[in-house]
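Keep the viewer open while you read.

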Number of protein chains: 2
Amino acid sequence: MSTGILTIDLDAMAANWRALDAMSAGQTAAVVKADGYGLGAARVARALHRAGARHFFVAVAEEGAELRETLGREAQIYVFSGHMAGDTDMIGDLDLVPMINSIDQMIRHVEALPDHPFGIQLDTGMNRLGMEPEEWEAVRDIALDLSPQLVMSHLACADDPDHPMNAQQLAAFRAMTEGLDCPRSLANTGGVLMGPDYHFELTRPGIGVYGGLPYADAAPVVTLDVPVIQCRDLAAGETVGYGNSFTAARDTRIATISAGYGDGLIRAMGPRLLALSGEAACPVAGRISMDLIGVDITDLDHDPKSLRLLGADQLIDDLADAAGTIGYEILTAMGARYVRRYIGG
Amino acid sequence: MSTGILTIDLDAMAANWRALDAMSAGQTAAVVKADGYGLGAARVARALHRAGARHFFVAVAEEGAELRETLGREAQIYVFSGHMAGDTDMIGDLDLVPMINSIDQMIRHVEALPDHPFGIQLDTGMNRLGMEPEEWEAVRDIALDLSPQLVMSHLACADDPDHPMNAQQLAAFRAMTEGLDCPRSLANTGGVLMGPDYHFELTRPGIGVYGGLPYADAAPVVTLDVPVIQCRDLAAGETVGYGNSFTAARDTRIATISAGYGDGLIRAMGPRLLALSGEAACPVAGRISMDLIGVDITDLDHDPKSLRLLGADQLIDDLADAAGTIGYEILTAMGARYVRRYIGG
């Protein structure tokens with residue numbers, strides 16, 4: 001057995017969701033797009049459903065269709081990409097709620113599924129998804145007559161609470177939704193943390209549930225242990241890996257572990273990634289290759305059977321720093337080759 | 001329908017394998033680890049088997065087990081990680097050939113499966129997998145008495161044919177395998193291109209089969225088309241995406257497409273990624289987010305229904321340059337959310 005073992009603590013995840021739910025002024029959804037941020041949408045969604053979540057967000061209708069099979073009828077499933085050409089059967093048959101992003105989508109939805117629930121996504125300045133103020137003005141009365149399930153927008157800078165964009169988007173969202181009597185939603189995880197002004201009737205945490213920043217108090221959710229294939233001694237001056245990118249500065253012992261960028265350990269992490277044996281942190285030696293990583297274990301007093309790349313002592317955001325990215329990408333990059341073990345839920 | 005469509009040209013892949021086979025002095029294997037470099041090991045391996053490949057390499061025994069189900073009995077399947085604890089049943093029952101990396105693995109193999117085929121992996125300077133010269137010296141006679149199927153090593157710098165490491169590894173491999181009468185293998189794709197000195201009895205191309213450098217003459221294998229969710233006009237000065245990272249320098253039209261780093265489009269590509277509409281190349285606007293990318297389509301004369309991110313005009317190595325990585329990682333990062341369509345095979 002030489003694949004890495006990715007352990008996903010569904011109890012920690014449920015605790016994170018409950019904590020974010022307790023902070024939220026209204027109801028709290030869960031965002032489970034991109035296969036539950038790489039951790040397995042079905043297991044994640046069932047665990048969060050047991051924790052009390054009844055509103056789930058996915059990116060595309062295909063994800064909603066799979067989620068409906070998992071959750072049965074007792075959950076609302078919202079689709080951020082709205083009602084795309086070809087989505088009608090999935091939306092209709094599986095009772096998905098498309099978040100309508102444009103007048104084109106509005107027309108498609110009303111013509112294809114005139115009595116089917118929908119939500120509205122508004123653009124408040126991110127210019128990514130949702131209706132512009134002028135567009136919304138043009139269809140607002142028609143849309144409201146059809147009783148949308150939810151009106152939402154998305155924050156561009158909520159991971160940075162001091163960014164002036166947050167207040168601008170809040171003001172724009174208020175202006176666009178004033179007087180509405182349907183539920184509203186603006187806050188992602190960062191929005192939840194910015195306080196009740198941002199919460200409205202439904203919050204939509206994603207990354208915080210999975211243990212990532214900006215929710216600094218989140219319980220870690222993932223642990224990744226990778227088996228050692230073999231250990232070897234190098235004389236000072238010998239090199240390791242592709243392009244000879246590591247040169248031993250002293251007599252060195254190298255462990256080769258069985259994971260690499262083919263498992264989603266982003267190649268750019270390079271030697272900034274640490275491999276942990278108990279509390280001892282061992283630096284990576286040489287380039288991360290597709291299936292293998294060399295680790296300098298010279299300072300350990302034994303040859304480890306496995307090394308830990310993710311856990312309480314090295315979080316997804318530490319790996320993100322090493323790769324020059326964000327914790328979200330560390331999660332969604334997690335590869336299919338790992339054995340996934342679920343705790344609790 | 002709002003997922004990207006990844007089209008995999010199995011005929012192009014088979015043509016690449018045949019061309020590398022024609023260059024090889026001896027027989028030619030195919031490396032199909034990491035789910036066939038992200039393209040689907042089962043489909044890839046069946047197509048290459050039909051093209052004539054009978055030797056396949058995987059990283060771990062679990063991959064070998066799946067491949068055996070796909071290929072049936074008429075193929076040799078070699079496992080680079082060798083014989084790990086827990087692998088014995090898979091290796092024995094499914095007729096896998098572990099590439100033994102160390103004396104520990106040799107003992108494990110001979111004790112658990114005394115009459116079962118195996119190969120030997122030698123370290124010729126990469127210090128990643130395989131026996132060191134002293135280790136090999138110690139077990140060589142015992143190992144040769146047991147008739148290994150293959151003796152191999154791996155090149156650290158073959159993507160750079162002028163690197164002096166190549167000749168050093170070749171000399172080391174020759175010295176360690178002189179007089180052996182079992183088949184030998186040293187060359188990956190780069191090794192095939194460096195000519196017959198590196199070929200021995202079996203070559204092992206991987207990336208070249210999938211259309212990547214260093215095989216510059218490879219036929220492109222993958223095409224990626226991503227649907228447009230909506231298009232919008234921005235006034236000069238408006239911003240797009242997380243962190244407001246794009247500011248419109250002029251009145252601008254933005255298309256939001258339905259893919260992101262959650263699909264393996266590495267976030268570091270950022271605005272260096274191009275989205276193609278026919279021959280027109282449109283720059284990405286703002287950060288790549290998990291499920292969405294903004295594209296500046298101001299210079300197009302129409303709103304496209306989809307944009308192409310990979311194809312003959314933008315290769316995996318172009319995306320790799322944009323991300324500061326290598327084509328191999330672009331392939332293995334390909335996400336599960338795409339619809340995969342196979343041509344030919």
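## Ground rules

This is a predicted model, in which local features need pLDDT of at least 70, side-chain atom pairs count only at pLDDT 80 or more, and totals for chains, interfaces and linings use all residues. Residues are numbered from 1 along each chain as its sequence is written, while chains are lettered from A and ligands numbered from 1 in the order in which they are written.

## Where the chains meet

Let's start with chain A against chain B: 56 residues of chain A are in contact with 56 residues of chain B. Here, contact means that the C-beta atoms of two residues, placed from the backbone, lie within 7 Å.

On the chain A side, the elements that give two or more residues are helix 2 (33–37), helix 4 (61–71), strand 11 (222–234), strand 12 (239–240), strand 14 (252–257) and helix 11 (327–332). Helices (H or I, at least four residues) and strands (E, at least two) are DSSP runs, numbered from the N terminus. Strand 11 of chain A gives the largest share of that side, 5 residues. Sorted by class, the side of chain A that touches chain B has 25 nonpolar, 20 polar and 11 charged residues. For those classes, Ala, Val, Leu, Ile, Met, Phe, Trp, Tyr, Cys and Pro count as nonpolar, Asp, Glu, Lys and Arg as charged, and the others, Gly among them, as polar.

## Two domains in chain A

Chain A is divided into domain 1 (25–203) and domain 2 (222–343), with bounds that come from an automatic or database domain assignment. Taken over C-alpha atoms, the centres of domain 1 and domain 2 of chain A are separated by 38 Å. Their contact takes 6 residues from domain 1 of chain A and 8 residues from domain 2 of chain A. On the domain 1 side, the residues divide into 3 nonpolar, 2 polar and 1 charged.

## The sheets

In chain A you'll find an open sheet of 7 strands in the order 3-4-5-6-7-8-9, with parallel pairing. Two strands pair if DSSP finds at least two bridges between them. Strand 3 (30–31) and strand 9 (184–185) of chain A are the edge strands, each pairing on one side only. Further in, strand 5 (residues 76–79) and strand 6 (residues 97–100) of chain A pair in the parallel sense over 2 bridges, and A:Val79 stands opposite A:Pro98 in strand 6 of chain A.

Chain B also has an open sheet of 7 strands, with the order 3-4-5-6-7-8-9 and parallel pairing. Its strand 5 (residues 76–79) and strand 6 (residues 97–100) pair in the parallel sense over 2 bridges. In chain B, the residue standing opposite B:Tyr78 is B:Val97 in strand 6.

Helix 3 (residues 41–51) and helix 4 of chain A pack at an angle of about 50°, with their axes 10 Å apart. Axes are lines fitted to C-alpha atoms, for helices over the stretch in contact, and angles run from 0 to 180 degrees between N-to-C directions. That makes helix 3 of chain A oblique to helix 4 of chain A (angles under 35 degrees count as roughly parallel, over 145 as roughly antiparallel, 65 to 115 as roughly perpendicular and the rest as oblique). A:Ala41, A:Ala42, A:Ala45, A:Arg46 and A:His49 in helix 3 meet A:Glu63, A:Glu66, A:Leu67, A:Thr70 and A:Leu71 in helix 4 of chain A.

In chain B, helix 3 (residues 41–51) and helix 4 (residues 61–71) pack at an angle of about 50°, with their axes 10 Å apart.
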